[in-house]
Amino acid sequence: MIIDNNPKEKEAMEAFKRDERSLGYKLQDEFVAELRESIGKVDHCTCKKACKHHGKCIECVAIHRAHRDHLPNCFRSMVNERIEKLSELTEHSIKEQ
């Protein structure tokens with residue numbers, strides 16, 4: 001199972017956008033069930049740094065939310081993709097600064 005860009009979860013978000021909430025929740029429930037089934041069998045943590053919270057998403061995210069200094073490594077590619085799209089609005093001129 002993959003987490004990042006998961007097709008089922010992306011389909012769920014599209015259902016929510018179409019105001020098909022019951023379908024969205026059904027797909028999300030399936031995603032979570034698959035995730036729970038794979039926990040302990042697959043290392044879903046994309047962080048390559050040695051950390052005592054590796055693979056413990058709830059702890060990791062709570063710590064980062066608490067100190068509010070930077071994002072967990074697993075969130076960075078998602079945020080960078082969004083920033084890159086925003087940066088296109090100014091022809092990526094931020095790189096020049």
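Modeller: Tyr-25, at 40% relative accessibility, counts as partly exposed. For these words, buried means under 20% relative accessible area, exposed means over 50%, and partly exposed lies in between, with a 1.4 Å probe and protein chains only. Before going on, please note that the model is predicted: local features need a pLDDT of at least 70 and side-chain atom pairs a pLDDT of 80 or more, while totals for chains, interfaces and linings use all residues. Residues are numbered from 1 along each chain as its sequence is written, and side-chain values use heavy atoms, leaving out hydrogens and water.

The structure holds one aromatic pair. Its partners are Phe-16 and Tyr-25, whose ring centres lie 5.0 Å apart and whose planes make an angle of 75°, an edge-to-face arrangement. (Rings of Phe, Tyr and Trp, the last by its six-membered ring, pair if their centres lie within 6.5 Å; planes under 30 degrees apart are stacked, over 60 edge-to-face, and the rest tilted.)

His-64 belongs to helix 3, which covers residues 57–67. (Helices are DSSP runs of H or I with at least four residues, strands are runs of E with at least two, and both are numbered from the N terminus.) With a relative accessible area of 17%, His-64 is buried. Leaving aside residues up to four places away in sequence, His-64 touches Asp-69, His-70, Leu-71 and Pro-72, where contact means heavy atoms within 4.5 Å.

Leu-71, one of these partners, sits in the loop between helix 3 and helix 4. Its relative accessible area is 35%, so Leu-71 is partly exposed. Besides His-64, Leu-71 touches Arg-76 and Val-79, again not counting residues up to four places away in sequence. The C-alpha atom of Leu-71 is 9.8 Å from that of Cys-60, and the two residues are eleven apart along the chain.

Arg-68 is placed in the loop between helix 3 and helix 4, the latter being residues 73–88. In contrast to the buried His-64, Arg-68 is exposed, at 70% relative accessible area. Its phi is positive, near 50°, although Arg-68 is not a glycine. Most residues other than glycine have a negative phi. Asn-5 is also a non-glycine residue with a positive phi, of about 60°; Asn-5 belongs to the segment before helix 1, which spans 7–17.

We may now turn to the whole chain. Its secondary structure comprises four helices and zero strands, and from the N terminus the order of elements is α-α-α-α. The radius of gyration is 17 Å, well over the 13 Å that the globule rule gives for 97 residues, so the chain is more spread out than a compact globule. (This radius is taken over C-alpha atoms, and the rule is 2.2 Å times the number of residues to the power 0.38.) Along the principal axes, the C-alpha atoms fill a box of roughly 45 × 40 × 25 Å. Of the 97 residues, 16% count as buried. Among contacts with a separation of 6 or more, 31% are between residues 24 or more positions apart.
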